Amino acid sequence: MNITKLRIVLLFITSLLLFSCNENEEINNNITKSITRSILPDEFDWEVADTMPTPRNQERIYMPWDGPGSLATTYGDDVLFDYKKRDGWILLYNSFTSNTNAPLVNPYFILYNKYNGLMRFYQYITTSFVATSSSMEGLISISNNSLKMLNFMGDGIINGGKSRKVYKQILPAPINGGCPLASNKWYMMQFEMAYDPNVKNLNNISMSLGMNYYDVTSFKFQGDAKGSINGTIGLESDSKTFSQELKSFGSASGKALLTGIGKSFIDNQAQKGGGNKLGLNDKIFNKISSAVTGAFNSATKGLPAAALGLFNGIIGGSKTTSQPINLTLEVGEINLTGTGNNSGSLPSMPCTIKVPGMKNMSTATGIIPLYNEPLGIFNFTELPEIKLVVNTYKRYRHDDPWNPGAQITEWWSTLNVPQHAFERYIVINPSVLKVADVDVKYDLIADEGNGVIVTNPDNYYVYNSGEYGAKEELLPHPTFYVQFKVTVTPKNGDGDYVIYKSFALNNKWVENVKWLPSL
């Protein structure tokens, strides 16, 4: 080979080497960029595992539903063992891993149910600390003020026209009377997510979850002093947590809801001879207990609004465990008094993660979800107006039986409830329709006060009347709501989930008076 040909061959080989190095460098840069921009958690089979994935130099951590530090002293079996994949549960986030040299610090994982919209946050506390507390408070927040993903929390009657950014709840204390705050122990928070179609149009939206602890010396429901908080009590959201208010003022108050419970939990709260361990008004508790039993026995037979009142709940679904029940019902005003001196946040809180379903997830920073579809089953997107027309008819009569020939005023009023089509305000998550059939029905509910609930009132009925000189005084206007029954039927042949939601309506009253000819 002459020198010229040799130079050409060497030049070609050098070019190949340079191209290969540049290409590998570009690939490595892309990999580095991908790793630094987003973190995809490890997956594991939570349904069959006996222990959590941890490094070799860390003591074994057993599953939340069995073993040391389990949730068995806090929740009944219908909640504890409701985690099967066939029933819709999937792994959303996970910080447990065996691919690290250092022991894990306060790791967590999150399960989400694609058939009913429930999200459960499980965290194992490894940090040792010494503090006294009587109550644990769970919080969830979202970084975008306009999203309605948290709208199913914090209200007995949901306002579809507003957005909720923060929700907090007092978590249930251990059933065996143990202290709620401890190390080497599992904690669980449950939240029901609402579907918001706008998630797919947004980038880099975060969701934060956290737990606080604090002491409460006493609390009252609707002015009645009670002993202790044993149930999961949802609290109306505001800018402060309850523990912050206790630390600043020694008291805190707000609207309370009984929420996130199971049937066995309700069954265990009744006391012999009357009363209940939850500290609720006995009438309220009896109403909840009977309604839960009735709803459990006939979940698909219709709306139990007339028996229970306005409520939100999820019933049924599971064929692998006893059917879980999740219920939210307003129980009145709550007032807490105590001290915030022994208060604080659990270590490694809050946990901040990316909201599933947003666009360009692969370029998001931080921890991204293992399931990247919008959360929630459906939502009621507005506060629609319902026009209620009261027609009052009057006429003079001259046949007063007590004073013949004297003139009296006879009157009566009727309420005209117009036809309505509230289903047009419902939006269903397309991701749910891929795996299940969804049926939507609703009832119009009239709340006449004093516990009187009328389901689907007639379009035209007597509202009030007066005869023979009776004082002309209309009854207070009933408040109209709409209650939806959404049935989700999984395409895998599993049982139906029945979701009840009560929504507020903008009640617009129109009053007309018409005089009729005298008699």
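Glutamine 190 sits in strand β6, where strands are DSSP runs of E with at least two residues and helices are runs of H or I with at least four, both numbered from the N terminus. Glutamine 190 is buried at a relative accessible area of 13%; buried means under 20%, exposed over 50%, and partly exposed in between, with a 1.4 Å probe and protein chains only. Its side chain makes a polar contact of 2.7 Å with that of arginine 120. Such a contact is a pair of N or O atoms within 3.5 Å; within protein, one must be able to donate a hydrogen and the other to accept it, and residues adjacent in sequence count only if both atoms are side-chain atoms.

This is a predicted model, in which local features need pLDDT of at least 70 and side-chain atom pairs count only at pLDDT 80 or more, while totals for chains, interfaces and linings use all residues. Residues are numbered from 1 along each chain as its sequence is written, and side-chain values use heavy atoms, leaving out hydrogens and water.

**The whole protein**

- The protein has seven helices and 23 strands.
- Of its 519 residues, 49% count as buried.
- Among contacts (heavy atoms within 4.5 Å) between residues at least 6 apart in sequence, 74% join residues at least 24 apart.

**The sheet that holds β6**

- Four strands form an open sheet in the order β1-β2-β3-β6, with antiparallel pairing; two strands pair if DSSP finds at least two bridges between them.
- The edges belong to β1 (89-94) and β6 (185-192); each has a single partner strand, so one side of each is left without a neighbour in the sheet.
- β1 and β2 (residues 108-113) run antiparallel and are joined by five bridges.
- Tyrosine 93 has isoleucine 110 of β2 as its bridge partner.

**Strand β21 and its partners**

- In β21 (residues 479-490), 10 of the 12 residues are buried.
- β21 pairs with β18 (residues 436-449) in the antiparallel sense over 12 bridges, and lysine 441 has lysine 485 of β21 as its bridge partner.
- The hairpin of β21 and β22 has six residues between the strands, and its glycine 493 takes a positive phi near 90°.

**Nonpolar cores**

- A nonpolar core is a set of buried Ala, Val, Leu, Ile, Met, Phe, Trp, Tyr and Cys residues joined through side-chain atoms within 4.5 Å.
- The largest one has 51 residues, and those with the most contacts inside it are Trp46, Phe109, Trp186, Phe422 and Val488.
- β21 gives this core its largest share, five residues.
- A second, separate core of 40 residues includes Ile125, Met149, Tyr187 and Met349.
- Leaving aside residues up to four places away in sequence, tryptophan 46 touches Met63, Trp65, Tyr83, Lys85, Trp89, Ile90, Leu91 and Leu111.

**Backbone details in the loops**

- Methionine 349 and proline 350 are joined by a cis peptide bond, with omega about 0°; proline 350 lies in the loop between β12 (325-345) and β13 (351-354).
- Asparagine 184 has a positive phi of about 50° although it is not a glycine; this residue lies in the loop between β5 (166-171) and β6 and is partly exposed at 46% relative accessibility.
- Asparagine 204 also has a positive phi, near 55°; its place is in the loop between β6 and β7 (206-221), and at 40% relative accessibility it counts as partly exposed.
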